[in-house]
Amino acid sequence: MAKKGILLVNLGSPKSTSVQHVKEYLDEFLMDERVIDYRWIFRALLVKGIILNTRPKKSAEAYKSVWTGEGSPLIVITEKIQKKLQKIMEIPVEIGMRYAEPSIESGLKKLIDKGVSEVVLFPLYPQYAMSTTESVIEKAEEIRKSKFPDIQINYIQPFYNRDIYIDCLTENIREKLPEDFDILQFSYHGVPERHIYKTDPTKTCNLNDCCFRGNNPSHQFCYRHQCFETTRKVIEKLNLPREKTMVTFQSRLGKDKWIEPYTDDTLKLIPSKGVKKLAVVCPAFVSDCLETLEEISQEGKEIFKNSGGEIFHYIACLNDEDRWIRVIKQLCEEKLNEFYFI
């Protein structure tokens, strides 16, 4: 019988906070055609000609503000998840990062060295996007075909609307939500609007009300819909009135049109609308990282308070909480069972 294993895949992080290591990381990340989806020559001119000459120093300072004694928060947390999951699984569990180290290739090799030939690969992104889930799958398939053609990989699909995930996320928020707040803000990572159109198999998306209508075939690949659907389900579980919540999108890069509303602009605006006590959660991330710890918990807090806000409460990601580990286990076991029917 074929031996099975699990590979958990997260985004990745620079080796250190040095400008050179951050530059190397940004080069790999931003040159991914599913992140900046321009033709290679234009992507190279933008990334190598402009961004890598200006952004690494600023990004290195941002990384320094969240770096721990153990290293990158994202890597450290993913390693903790791996160790906890391994304790309750009887098959090998390894990790890989889409960018930098440990790589997807090194994670697969570790599993193969342990005799694994059937791999459940778990992209740790609740919602589907071409720059996250799709990029991981394409990279893993490229590696499998060129390096490990004899293995089989079964991919866990986005779990943004799965009850076990929604229950887990809801309890995480419920436990950490302050009793007194004006708004609970759901801040998701943003994507360019064109990414939504590119992943729509129906080519009917108008970035308007179709995200909220019925079972549209495009919803399977629509990041915007999936963010709103995660929010809707959590709000229902929390029994919160909609007027006490909002959805925004963070981390935009460049001057292209990204999905709205923007998190930073919203943080500047809402204190003038009477929102003085704000709670923020980031459900596009399962592990705290630069985008949550620096961009939201530090920079977002500063923007909000400088604009007249009084209390800013960041709700941490699921990280390595035991209930999240149990969700990962269940999702992996479901996919492991599918090997018998392939």
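Modeller: Start with pairing: two strands pair if DSSP finds at least two bridges between them. Helices (H or I, at least four residues) and strands (E, at least two) are DSSP runs, numbered from the N terminus. Here, the bridge partner of Phe 186 is Val 247 in strand 6.

Biologist: What should I know about the source before going on?

Modeller: This is a predicted model: local features need pLDDT of at least 70, side-chain atom pairs count only at pLDDT 80 or more, and totals for chains, interfaces and linings use all residues. Residues are numbered from 1 along each chain as its sequence is written, and side-chain values use heavy atoms, with hydrogens and water left out.

Biologist: In what sense do strand 5 and strand 6 pair, and over how many bridges?

Modeller: Strand 5 (residues 183–189) pairs with strand 6 (residues 245–250) in the parallel sense, over 6 bridges. Strand 5 also pairs with strand 7, again parallel, over 4 bridges. There, Ile 183 stands opposite Leu 278 of strand 7.

Biologist: Which strand do 5 bridges join to strand 7?

Modeller: Strand 8 (residues 311–315), which runs parallel to strand 7 (residues 277–281). Ala 279 faces His 313 of strand 8.

Biologist: How do I read the handedness of a crossover?

Modeller: Point the strands away from the viewer. The crossover is right-handed if the path from the first strand over the helix to the second runs clockwise. Strand 7, helix 10 (residues 290–306) and strand 8 make such a right-handed β-α-β unit.

Biologist: Which residues does Glu 141 touch?

Modeller: Contact means heavy atoms within 4.5 Å. Leaving out residues up to four places away in sequence, Glu 141 touches Ile 153 and Tyr 155.

Biologist: How many salt bridges does a search of the whole structure find?

Modeller: The rule is a side-chain nitrogen of Lys or Arg within 4 Å of a carboxyl oxygen of Asp or Glu. The search finds 31 salt bridges. One of them joins Asp 27 and Lys 48, at 2.9 Å from N to O. This pair links distant parts of the chain: Asp 27 lies in helix 1 (residues 19–30) and Lys 48 in helix 2 (residues 40–66), 21 residues apart. Asp 27 is partly exposed at 23% relative accessibility, and Lys 48 is partly exposed at 38%.

Biologist: Where do Lys 109 and Asp 113 lie?

Modeller: Both are in helix 4 (residues 104–113), 4 residues apart, about one turn of the helix. Lys 109 is partly exposed at 43%, whereas Asp 113 is exposed at 56%.

Biologist: Which residues are linked in a network of salt bridges?

Modeller: Glu 33, Arg 34, Glu 134 and Glu 138.

Methods: Buried means under 20% relative accessible area, exposed over 50%, partly exposed in between (1.4 Å probe, protein chains only).
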